[in-house]
Amino acid sequence: MLKQMEVDGQAIEKLKRAFAYKLFFQQGSLPISASLNDYYLAVSCTLRDRMQALFINTVAAMAEKKSRIVCYLSAEFLMGPHLLNNLINLGLYDAFARATRETGLDLQQIIEHEEEPGLGNGGLGRLAACYLDSMATLEIPAIGYGIRYEFGMFDQTFEQGWQKELSDRWLLPGNPWEFKKSDLAVEVGFGGQTATFTDQEGRVHVCWTPGSVVKGIPYDTPVPGYRVNTVNMLRLWSAEAPKSFDFDDFNVGDYFGSVEEKIQAENITKVLYPNDQPFQGKVLRLRQQYFFASASLQDMIRLHRMQYGDLDGFHQHFAIQLNDTHPAIAVPELMRLLVDVHGYAWDQAWAITSMTFAYTNHTLLPEALETWSVDLLGQLLPRHLEIILEINRRFLDTVRSQYPGDEDLIRRVSIIDENGERCVRMAHLACIGSHKINGVAALHTELLKQHTLADFHRLWPEKLVNVTNGVTPRRWMALSNPGLTELIASAIGEQWLTDLDRLRELEPLANGPAFRERWRAIKHDNKIRLARILRERTGIVLDPASLFDIQVKRIHEYKRQHLNLLHIITLYNRLKRDPGLDLTPRSFIFGGKAAPGYFMAKLIIKLINSVAEAVNNDPDVDGRLRVAFFPDFNVKNAHAIYPAADLSEQISTAGKEASGTGNMKFAMNGALTIGTLDGANVEIRDQVGAENFFLFGMRVDEVEALWAAGYRPRSIYEANEELRAAIDLIADGRFSGGDRHMFRPLIDSLLEHDPFLVLADYQAYLDCQQQVGAMFRNQEQWCRMSILNVSRMGLFSSDRSIAEYCEKIWQVRRSPVALKWERLPSQGIVFPKRPAAPRF
Ligand SMILES: *Cc1c(COP(=O)(O)O)cnc(C)c1O
């Protein structure tokens, strides 16, 4: 195990007493009657207490320091389970393992009991969580601001192979990690109207009278850095009715009317929207966005005014990062707060606002870009619409003076899309209101410059920068792959965990047969672990000696799970034709959720399960191919999946995946990648070397050329015998009990349109997979490549990403936390004798 905090026998005794104390006084249980959940809560609260002094010191230091605080605004934080992560980051795993053991408990079992808060869809929410970990580890003063959804991402099960969604009641067992701060509640208005008035000095003001008001209550979760004093804060907002539903003057006796108002208010944070990429213009979603953006800004403003009296230097003290356009309504909201509420002139308010915000773009898919109907936005947020239009008017004036006569440019860059129903383009609002815009991988940023944001790039050549995504090696290596972590630590020490470039020191070891043997044994153990879980959950038995070929990510046509399927069906056909075929045994593992309303994605899930059924039970296959769908892919399940992969499937159509982060997690855990030149795959291949990466498929320019030339997928189908056989097998009902209609929409889509060029890349993919299969037979060579992949993954630590954000965008530096408010030996807190600090 990694080097731990030093604890003596006395400290262990204290821990044991703390478990009993929490169990008795907090859970109201005795050891003989306590449930596993009781023990989980008791142990977690004991750990939480050990973080508390660091947490309070960090937050107090933020309120005192003049340095900038990073405020990371994100509608999603996919944090994953907290207990083990916090034990690792604080260096308390051994102490807790010993104390629980001596209490007669099993720490592993308690850790396994924790359900994760699924407050995100996938990559974007998980990125926010990795960044919080890295900001704390790099001792950056930072707050994550988001939404405390009562129901997070749905749980996925299957019924006859079809996805079924179950509601996620994550708060039911009790959440030991959060602190409710009722006294820091804020009010957020909706609807109503605006009025203009002139003051005694002749200045014109606008006054917004909302039609309804909702209370935002913050819940704070500590985010400890790895082995540092910094414990930052994730502050999530929950909506409540502003007052208890008593009978007020306006609806005397209207009991049900006032209850309904309460329900309306609380609906705002009821449920996470479970669609990953495509945009859905639902008014409740806009309510969610404005609710948390406004609450977060009011929180910052309160703090700033307590410290400095005014808001003149707001941008010097807060750097706000917009994680996609979901919180972009914060731009007009800060303008409103500065101008309408705090009396700033427009120009000064605009200077402050545009120096405060920076915006991260996450997608090139046009269907994913947020645009709100002007009418809808005006009804929900009438004052904000006025402000947006004024921002736009002034912006377009400057563009006109720079490019006189270019009305086409004006139409293209305007915040308002005037084609058809008038819409507010949130990406344009975010670009105009920010001092920096970033893409999330080198290729993605290039494509933003050339296409999506080309006009803005021409207007402000300095504004658009790249920060390639990263993932935290604490969760994605130390926590989820303890075997590999220990092996690496035994070879090169532990510093790589906070300085991932040092994994390079492993490179020479790739040539050592003994080291390779240990490396392979760990991978094998991880495969056994995954196979065991899969067998428990699906009944499907996998051979750990086979090649584990894994694709886990949201189910989406652009990610091309169906390309993977066509390969499997092709291998199946080959085996059927020639049962004696010498084939590298493979286990294909899928995982991922489909948006509940995304018909094609759900059909792909059904097809995967149906192919699995057919292949796994066909005696001709004789176990050489296995297909399994790991149900309910989430962070907790991911811990067991990434470390068990031999092959990582990163096969999106070139130009469609902004970055990907699953690709990084796989490679860090020793999987080799089969992938297209898309997103961060490009940089991963650059780092690990072309000879250690299985590249296939069209590049972005070839994709563009093919569309320009006219693409006819059917002609590819007709010309390729194996492809035809694979598609025909689906179409003929081989995987649907003879039903030729079930998968027809998928077949038709592929043959008639194939919007993601599955057929165009099919042969290249097959050829590349052939090489993979051959290479896997040379286990020594494969293992060498695996070690080299890991040793060259330093660039993809989220520590590097955060260091780049600090330097290129936020202008903040490391700020270690000194422990001023120490714990007493009796575990109380010393309160220093000095004036009260601003309250966080
Ligand atoms: C990393 C991660 C993702 C993102 O995966 P991609 O392959 O980059 O799409 C999605 N969901 C979970 C649970 C993850 O851990």
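Buried means under 20% relative accessible area, exposed over 50%, and partly exposed in between. The legends below use these terms for a predicted model.

**Figure 1. Overall fold of the predicted chain.** The chain contains 32 helices and 23 strands. Along the principal axes, its C-alpha atoms fill a box of roughly 95 × 75 × 60 Å. The radius of gyration is 28 Å, which agrees with the value near 28 Å that a compact globule of 840 residues would have. Among contacts with a separation of 6 or more, 77% join residues 24 or more positions apart.

**Figure 2. Surface and charge of the chain.** Of the 840 residues, 61% count as buried. The accessible surface comes to about 32,000 Å², and carbon and sulfur atoms make up 52% of this area. There are 92 positive and 103 negative side chains. The centres of these two sets lie 4 Å apart.

**Figure 3. The aromatic pair of Phe395 and Trp460.** The structure holds 24 aromatic pairs. In the pair shown here, Phe395 and Trp460 are 5.7 Å apart, centre to centre, with 35° between the planes, and the pair is tilted. Phe395 belongs to helix α13 (residues 382–402), while Trp460 sits in the loop between α17 (454–459) and β17 (464–466). The two residues are 65 residues apart, and their pair links distant parts of the chain. Trp460 has a relative accessibility of 26%, so this residue counts as partly exposed. Phe395 has a relative accessible area of 6% and is therefore buried.

**Figure 4. The aromatic pair of Phe696 and Tyr765.** The ring centres of Phe696 and Tyr765 are 5.0 Å apart and the planes stand at 45°, so this pair is tilted. Planes under 30 degrees apart would count as stacked and those over 60 as edge-to-face. Phe696 lies in the loop between β23 (694–695) and α26 (700–709), and Tyr765 lies in helix α30 (residues 758–776). The pair therefore ties together parts that are 69 residues apart in sequence. Phe696 and Tyr765 are both buried.

**Figure 5. A cluster of aromatic rings.** The view shows Tyr72, Tyr131, Tyr805 and Trp810. Ring pairs link these four residues into a cluster.

Definitions and conventions
Residues numbered from 1 in each chain as written. Predicted model: local features only at pLDDT ≥ 70, side-chain atom pairs only at ≥ 80, totals over all residues. Heavy atoms only, no water. Helix = DSSP H or I, 4+ residues; strand = E, 2+ residues; numbered from the N terminus. Rg over C-alpha atoms; globule rule 2.2 N^0.38 Å. Buried < 20%, exposed > 50% of the residue type's maximum accessible area, 1.4 Å probe, protein only. Contact = heavy atoms within 4.5 Å. Areas by Shrake-Rupley, 256 points an atom, 1.4 Å probe, with all protein chains shown as cover. Lys, Arg positive; Asp, Glu negative; His and termini not counted. Charge placed at Lys NZ, Arg CZ, Asp CG, Glu CD. Phe/Tyr/Trp six-rings, centres within 6.5 Å; stacked < 30°, edge-to-face > 60°.
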